[in-house]
Structures are given as structure tokens and as C-alpha cells.
Amino acid sequence: MARKRRVFEEGHGRKLMVIVDESPEVEGALFYAAGRVLHVGGSVLLLYIIEPENQFWEGVRQVQLEEETNKAKAVFRLFRRKLNNDGYENVPTEEVIREGKKVDEILKQIDEDEDNRRARARRLQ
């Protein structure tokens, strides 16, 4: 059963998702989303996805996960600083780190976030 989209309820709003990775396009997407939020309201959701490597040992996997999590937090701080320096200090951001295959985790994030539910439905039609 589909949950009701809550974007218009008190405490909820539209979100523009930016997938954070090492591609050069991320910064442009971030500033586009921040500018859009300033004009229409809402917030920017920064999504960093840790894609698992083929590891045989749990200890190695845990180290990799910890390193990637620290990297994600550093990237979030960097982008927040860039937004602040360019006049976007009032743009609210949400930071999410997920582990899994990129496409799967993007779709899961949309499905689990009631504010983003309608955007996905529109895109898939």
C-alpha cells in the first residue's frame, strides 16, 4: 500500500536530491538545486552511496565502510562550505549515506522518503 505524500503537511516540504560522488557534475547540480530551493522553497538532500567492493573478510569490509563514511562526511562539509561561501547559507540540507548498488539505493531513498514519493511517480510515468 502506498503511503500518502506529506510534502504539503506542516514540517514537510519538497526536496531536491543531489547524488554526491566524485564526478565533476556534482558541484553544478548542487548549486542548481540550492538556487531552485531559494526560489521555490524546500531543501537539498545530499545522497552519498557507498558501493560495496567484493571483500571476503568482514574486517576489511568494515574498514572500507568506515573510510567511505568518513569521506562522505568530509565531502558534505566541503559542499556546505561552498554553499555558504556563495551566498546559499540559508539553504537547508539533509545528508544521507547509504550502502549498496547506486541505482538501488537511489530508488530506496526515494521510496522511503514521503516528501519525494510523488516526484518518483511522475518521473516513471
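Biologist: What do the buried residues of H2 pack against?

Modeller: They pack against strand S1 (15-20), H1, strand S2 (43-50) and strand S3 (93-99). Buried means under 20% relative accessible area, exposed over 50% and partly exposed in between, with a 1.4 Å probe and protein chains only. Helices (H or I, at least four residues) and strands (E, at least two) are DSSP runs numbered from the N terminus.

Biologist: Where do these values come from?

Modeller: This is a predicted model, in which local features need pLDDT of at least 70, side-chain atom pairs count only at pLDDT 80 or more, and totals for chains, interfaces and linings use all residues. Residues are numbered from 1 along each chain as its sequence is written, and side-chain values use heavy atoms, without hydrogens and water.

Biologist: Which residues of H2 are buried?

Modeller: Among them are Leu 65, Val 75, Phe 76 and Leu 83.

Biologist: And Phe 31, what is it in contact with?

Modeller: Leaving aside neighbours within four places in sequence, Phe 31 is in contact (heavy atoms within 4.5 Å) with Lys 82, Leu 83, Asp 86 and Tyr 88.

Biologist: How many aromatic pairs does the structure hold?

Modeller: The structure holds one. Phe 31 and Tyr 88 form this tilted pair, 5.7 Å centre to centre with 55 degrees between the planes. Rings of Phe, Tyr and Trp (its six-membered ring) pair if their centres lie within 6.5 Å; planes under 30 degrees apart count as stacked, over 60 as edge-to-face and the rest as tilted.

Biologist: Why does the pair tie together parts that are 57 residues apart in sequence?

Modeller: Because Phe 31 lies in helix H1 and Tyr 88 in the loop between H2 and S3. Both residues, Phe 31 and Tyr 88, are buried.
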